[in-house]
Amino acid sequence: MKRKNILEEEIKNAVASDYFSKFDCTKILGKIDFAVKVRRLKNAIDFNDEYLLWAEAKQKSTDIIVMLAQLVLTIGKARTFDEILPPPFLGCYDSEKIAFVPYSEIQDLFYQNDFNWNVTPSNYDTKEFKQVYEQIKKIVENDIPWQTYLFYFECDDTELRRFIRENFIVGKTKTSKIRIDKNNFINIYNKWLETVKPTIAANWDVVKKNGIIDGDFYLADLLSNENQTIIEKLFVLLKYNHYISNRHINNVGFFTESSIYFTDNQKTHNQFWAKYERPPHEDYWNYIIDRHDLLVPQDIRERKGSFFTPRIWVEKSQEYLSDVFGENWQDDYYVWDCCAGTGNLLAGLINKDRIFASTLDKSDVDIMYQRITNGANLWEQNVFQFDFLNDDLLPDPKAIIGRNTQQPTPHYLPLELYNIITDSEKCKKLIIYINPPYAEATTAATIYGKKQNKTGVAIIHKTRTRFQQKIGKATNELFAQFLSRIYADINGCKIGEFSTLKAISGTSFVLFRNFFLAKLEKAFIVPANTFDNVNGQFPIGFKVWDTNKKRKIRNVKVDVFDKNNQYIGHKTVYSLEKSKYINDWINQYKDDSNDAFGILNTRGNDFQNQNYITIEHNAVDIVAHSIKFNISIENLIYCSVYFAVRKIIPADWLNDRDQFLFPNKKWEKDIEFQNDCLTYTLFNNNIQSKSGKNHWIPFSEKELGLTIMFDSHFMHDFINGKLIQNGYSNLFEQKETKMCIKREFSAEAQAVFIVGRELWKYYHSQDKKLFEYKLGRQKYSVNASLYDIREYFQGRNDKGKMNNKSSDETYSELIGSLRSALKALANKIEPKVYEYEFLKR
């Protein structure tokens with residue numbers, strides 16, 4: 001049925017009546033546009049609303065991923081899944097099409113660390129929307145057979161009806177119990193936390209010290225039948241009316257365990273689980289156990305690194321290990337993952353006689369034991385609880401005295417592994433294969449005052465105290481602590497590890513590089529946001545080290561793969577230990593006089609700080625943790641070069657940590673380069689006339705056809721050589737009083753001025769009487785800056801943020817032309833950035 005040229009509400013009604021008439025589509029569920037739930041029969045017992053679909057609806061044809069991203073932000077902001085069981089499908093539709101995505105494929109997005117859900121879902125310009133958009137795009141394009149979930153109303157009507165008929169199954173109405181599957185087990189866990197956990201008579205502080213988390217009790221409940229856990233390898237078991245945990249052989253050889261009961265005779269527990277069908281279908285058991293990490297509180301997850309390594313990078317890392325150590329490496333080398341979690345990094349390894357896995361938590365050890373029962377390629381005697389950053393490398397005392405130990409003693413090494421690391425020749429045949437935690441005690445959020453330092457992250461370990469003198473600030477990073485201990489205590493071994501590139505290029509890792517003398521054999525890097533619960537646009541690398549070969553970490557070449565595992569080339573990563581940086585260079589030209597007509601905000605020396613590099617009016621407060629750098633006639637060109645160099649190359653995941661450097665002197669003689677940078681700066685700053693006198697207008701009144709004078713002609717006079725410069729002549733000859741030179745501009749720069757002039761003219765041609773009546777826009781100002789002009793035509797949203805677009809077609813055309821001209825100018829400047837060594841290729 002055609003649905004074009006009708007209102008959004010009409011589209012909703014049509015979709016509901018045409019395709020979901022057997023269901024209840026009348027429920028208004030918060031801000032969700034469209035919800036489909038089971039239609040209950042009259043007098044039927046209704047344990048809970050059972051939804052089958054939550055969807056975003058649009059009137060006009062809209063990109064599917066855009067609609068899904070808005071829906072995810074809507075759900076995440078309201079935390080709808082905390083109150084109502086999520087449906088099997090999320091979806092979206094407009095006047096021409098409808099699409100579905102399984103909720104289980106999306107649910108991880110709702111449990112991201114440090115994600116700000118308090119944004120307007122319909123604002124497509126926020127970094128949160130863009131982040132969710134990219135995450136959903138990855139899921140849609142790579143992880144789902146998408147062609148079977150997208151239907152066009154006109155040509156796919158039959159297929160759409162079949163899809164709904166076969167997948168939107170109504171549950172029973174009399175004795176209905178909610179089915180537990182990979183779509184809803186986390187949501188049920190959240191409800192369990194609120195209702196059942198408070199009735200468990202446990203001392204949670206003591207419980208946590210024993211490596212148990214509340215999620216272990218939940219799994220005991222979930223994977224049970226008639227209140228008896230059916231999987232014996234879990235760390236906590238439910239035995240009818242109580243839990244048992246801490247099962248072990250005591251000092252006199254007897255088996256013992258701890259019992260934990262309920263405070264209300266299990267009344268709440270029984271009422272809660274009466275609504276659910278337990279256990280889940282066996283097809284979901286492995287998934288739920290494997291995603292045990294989602295039941296770990298986020299602060300603990302950050303500290304312990306309870307994040308999965310994506311399968312594509314597990315396989316890629318094992319390819320690189322094979323390249324370095326030969327195709328028979330699994331028969332020739334031993335492998336130890338000393339921060340194994342639930343062991344997913346070891347998937348794909350074939351020689352279990354040579355594999356060892358240890359992890360901090362007993363619960364993770366028991367999950368690995370369960371995976372062994374289900375066919376995982378590991379031996380129980382090689383899987384053990386061990387805190388690598390705190391425990392001593394000592395052999396299992398039971399093994400020493402010859403006692404049979406199928407499961408090793410916690411906090412000790414299996415005897416075979418101990419013998420390997422203490423034998424210098426065998427140690428050369430050991431590969432420490434790890435994806436250690438990326439958490440650090442201090443992050444950007446703490447530096448910039450958004451959060452407190454993460455308690456217990458990177459600062460509670462013996463390893464930190466031990467190596468702080470040797471590697472300095474690098475001890476803030478958990479992965480650096482792992483590498484340091486491996487290098488010091490298992491020297492001679494090989495290492496295959498996932499981590500950021502700070503060990504190679506980090507400015508806080510100079511001492512680490514002096515300490516960690518190992519040859520980097522081979523490495524690749526990939527986008528960080530392809531990893532579970534890792535946010536941000538930066539590279540994560542897999543590096544293969546040989547600690548038996550003593551090499552200072554210097555410039556290294558790494559292979560680069562995109563998010564789809566496509567090779568896109570190589571990149572040189574520089575250690576830059578003896579280098580000076582761009583902020584060292586600009587600091588030579590400070591002007592602390594009272595002659596400033598603007599301020600340059602500087603922060604850091606790398607691309608990740610690009611958005612903080614701005615030019616503001618000198619009356620504006622600087623951005624937190626930026627350095628206020630006064631702009632005057634004496635250093636205007638220096639500041640313009642700095643600003644343009646930092647801004648013309650877009651920041652992305654690949655260059656995120658690249659450092660801007662102290663340039664060579666060649667740029668000083670390139671006047672055209674300086675003028676190009678000045679042009680770029682004049683048409684990219686954030687100067688606002690409301691803050692005070694605007695000295696940044698590059699045109700005269702005559703050029704713009706004005707009869708009212710500007711308050712300042714400084715920039716126009718500077719460009720035309722009409723000002724006296726007291727401190728510098730041509731900016732390089734010290735201490736002379738001389739007229740500024742007349743600036744001659746390249747063809748690319750002139751193109752920017754031409755379009756800019758037309759934009760200013762168009763602004764000043766507007767009916768001045770109408771300016772005061774434009775809601776949310778400033779009044780007319782003859783001294784308007786480019787920022788003021790943009791603000792007038794684009795306006796601001798209800799949050800006070802400037803809109804990205806304008807309804808004025810002439811303005812839109814002019815600003816588009818200006819951006820194109822600036823892009824061409826940036827392309828001209830970019831090669832000089834490398835030629836003058838502001839950046840290294």
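Mentor: A helix here is a DSSP run of H or I with at least four residues, and helices are numbered from the N terminus. Keep in mind that this model is predicted.

Trainee: In which loop is Ser700 found?
Mentor: Look at the helices on either side. One of them is α27, residues 701–704. Ser700 sits in the loop between α26 and α27.

Trainee: Is Ser700 buried or exposed?
Mentor: The cut-off for buried is under 20% relative accessible area. Ser700 has 14% relative accessibility, so it counts as buried.

Trainee: Which residues is Ser700 in contact with, leaving aside its neighbours within four places in sequence?
Mentor: A contact needs heavy atoms within 4.5 Å. With those neighbours left aside, the contacts of Ser700 are Phe710 and His716.

Trainee: How many helices and strands has the protein chain?
Mentor: Let us step back to the whole chain. It has 841 residues, and buried residues make up 56% of them. Among contacts between residues at least 6 apart in sequence, 67% join residues at least 24 apart. The elements of the chain are 32 helices and 26 strands.

Trainee: How do helix α25 and helix α26 cross: what is the angle?
Mentor: Take residues 636–647 for α25 and residues 671–682 for α26. Their axes come within 8 Å. The axes cross at roughly 75 degrees.

Trainee: What word describes α25 relative to α26 at that angle?
Mentor: Angles of 65 to 115 degrees have their own name. The crossing of the two axes is at roughly 75 degrees. That makes α25, relative to α26, roughly perpendicular.

Trainee: How do the residues of the contact of α25 with α26 divide into nonpolar, polar and charged?
Mentor: On the α25 side, the residues include Leu636, Ile637 and Lys647. They meet residues of α26, among them Phe673, Gln674 and Tyr680. The contact divides into 10 nonpolar, 3 polar and 1 charged.

Trainee: Where is Asp658, and which residues is it in contact with?
Mentor: Asp658 is in the loop between α25 and α26. Its C-alpha atom is 7.9 Å from that of Leu839, although the two are 181 residues apart along the chain. Leaving aside neighbours within four places in sequence, Asp658 is in contact with Lys571, Asn605, Asp606 and Phe607.

Trainee: Why are the buried residues of α20 on the same side?
Mentor: Helix α20 spans residues 462–471, and its buried residues are Thr463, Arg464, Phe467 and Ile471. They share a side of α20 because they cover an arc of only 95 degrees around the axis.

Trainee: What covers the buried residues of α20, and which exposed residues are on the face turned away?
Mentor: The cover includes α21 (478–489) and α23 (510–515). The face turned away from the buried side carries Thr465 and Gln469.

Trainee: Which residue follows α20, and what is its phi?
Mentor: The residue after α20 is Gly472. Its phi is positive, near 60 degrees.

Trainee: How many disulfides are there?
Mentor: A disulfide needs two cysteine sulfur atoms within 2.5 Å. The count by this rule is 0.

Trainee: What is the nearest cysteine sulfur to Cys427?
Mentor: Cys427 is in no disulfide. Cys427 is buried, with a relative accessible area of 2%. At 5.2 Å, the nearest cysteine sulfur is that of Cys493.

Trainee: What is the omega of the peptide bond from Arg278 to Pro279?
Mentor: Most peptide bonds are trans. The bond from Arg278 to Pro279 is cis. Pro279 is placed in the loop between β10 (276–277) and α11 (285–290). The omega of this bond is near -10 degrees.

Trainee: What is the phi of His411?
Mentor: Most residues other than glycine have a negative phi. His411 is not a glycine, yet its phi is positive. His411 lies in the loop between α16 (397–400) and α17 (415–421). The phi of His411 is about 75 degrees.

Trainee: Where is Glu837, and what is its phi?
Mentor: Glu837 is in the segment after α32 (809–835). Glu837 is partly exposed, with a relative accessible area of 39%. Though Glu837 is not a glycine, its phi is positive, about 65 degrees.

Notes: Residues are numbered from 1 along each chain as its sequence is written. This is a predicted model: local features need pLDDT of at least 70, side-chain atom pairs count only at pLDDT 80 or more; totals for chains, interfaces and linings use all residues. Side-chain values use heavy atoms; hydrogens and water are left out. Axes are lines fitted to C-alpha atoms, for helices over the stretch in contact, and angles run from 0 to 180 degrees between N-to-C directions. Helices (H or I, at least four residues) and strands (E, at least two) are DSSP runs, numbered from the N terminus. Angles under 35 degrees count as roughly parallel, over 145 as roughly antiparallel, 65 to 115 as roughly perpendicular and the rest as oblique. Ala, Val, Leu, Ile, Met, Phe, Trp, Tyr, Cys and Pro count as nonpolar, Asp, Glu, Lys and Arg as charged, and the others, Gly among them, as polar. Buried means under 20% relative accessible area, exposed over 50%, partly exposed in between (1.4 Å probe, protein chains only). The arc is that of the directions from the helix axis to the C-beta atoms.
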